[in-house]
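My notes follow in the order I looked.

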Amino acid sequence: MSNSGRLIVISGPTASGKSTLWKRLVSYSNVDFSVSATTRGIRTGETDGKDYSFISVEEFKQRIDNNEFLEYATVHANYYGTLRANVEASLNAGRDIVLEVDVQGAQQLADCGLPIVSIFVVPPSRETLIERLRNRGTETEEQIATRLKAVDHELGFAKDYDYQLVNDNFERMLAETEGILGYSVENSNG
Ligand code: 5GP
């Protein structure tokens with residue numbers, strides 16, 4: 001684990017397994033998660049302030065005007081953004097902070113001048129991805145179709161990341177990520 005904090009930027013197509021990855025990374029004692037703000041509706045099982053800060057479009061726009069976002073983007077017709085204050089608090093405390101952002105967000109972060117390690121999670125195949133998305137059962141068929149359209153576009157950005165990891169076996173991918181970041185089991189909270 002490095003002494004100064006880094007931004008660990010994780011992107012990947014919908015249902016690629018990127019959320020499972022960041023959830024495991026933040027179980028390490030020296031790693032925070034950046035709770036993004038979003039204007040999308042809260043899903044069953046999500047908690048406001050933990051998964052996202054769920055805010056109105058008016059509030060989001062106000063926060064843009066106040067320069068509160070390190071990056072923000074419109075994804076699937078909703079606003080999502082990383083709050084500058086969250087990131088600075090972690091980095092100033094010498095802690096890594098994991099950001100799950102879309103490809104537009106990652107591009108903005110690449111230019112922000114902060115220490116970054118960027119990882120793109122690649123699903124093993126389009127069929128697996130569609131199956132995972134249907135099994136998740138959180139989106140309507142129309143929303144699934146919208147998300148699938150974005151997948152090919154997003155995959156075109158994988159090469160811009162420091163690392164591209166194929167999620168054909170989650171534990172193997174996790175071990176690879178831990179190696180890249182220099183995390184070891186002694187740092188884990190469990
Ligand atoms: P979901 O609605 O499924 O939670 O997330 C949809 C997309 O929004 C994902 O691709 C996710 O990476 C992206 N996203 C979540 N938070 C942020 C953020 O703070 N900034 C950006 N640019 N994208 C985000």
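I began with Asp160, which is partly exposed at 48% relative accessible area (buried is under 20%, exposed over 50%, partly exposed in between; 1.4 Å probe, protein chains only). Its side chain meets that of Lys159 in a salt bridge, 3.7 Å from N to O; the term means a side-chain nitrogen of Lys or Arg within 4 Å of a carboxyl oxygen of Asp or Glu. Lys159 is exposed, at 62%.

The model is predicted, so I kept its limits in view: local features need pLDDT of at least 70, side-chain atom pairs count only at pLDDT 80 or more, and totals for chains, interfaces and linings use all residues. Residues are numbered from 1 along each chain as its sequence is written, and side-chain values use heavy atoms, without hydrogens and water.

I searched the whole structure and found 14 salt bridges. In one of them, Arg172 pairs with Glu176 at 2.5 Å, N to O. These two are four residues apart in helix 7, about one helical turn (helices are DSSP runs of H or I, at least four residues, strands of E, at least two, numbered from the N terminus). Arg172 is partly exposed at 35%, and Glu176 is partly exposed at 32%.

Next I looked up the largest nonpolar core, which has 19 residues; such a core is a set of buried Ala, Val, Leu, Ile, Met, Phe, Trp, Tyr and Cys residues joined through side-chain atoms within 4.5 Å. Ile8 and Tyr183 are among those with the most contacts inside it. Which element gives the largest share of this core? Helix 7 does, with four residues.
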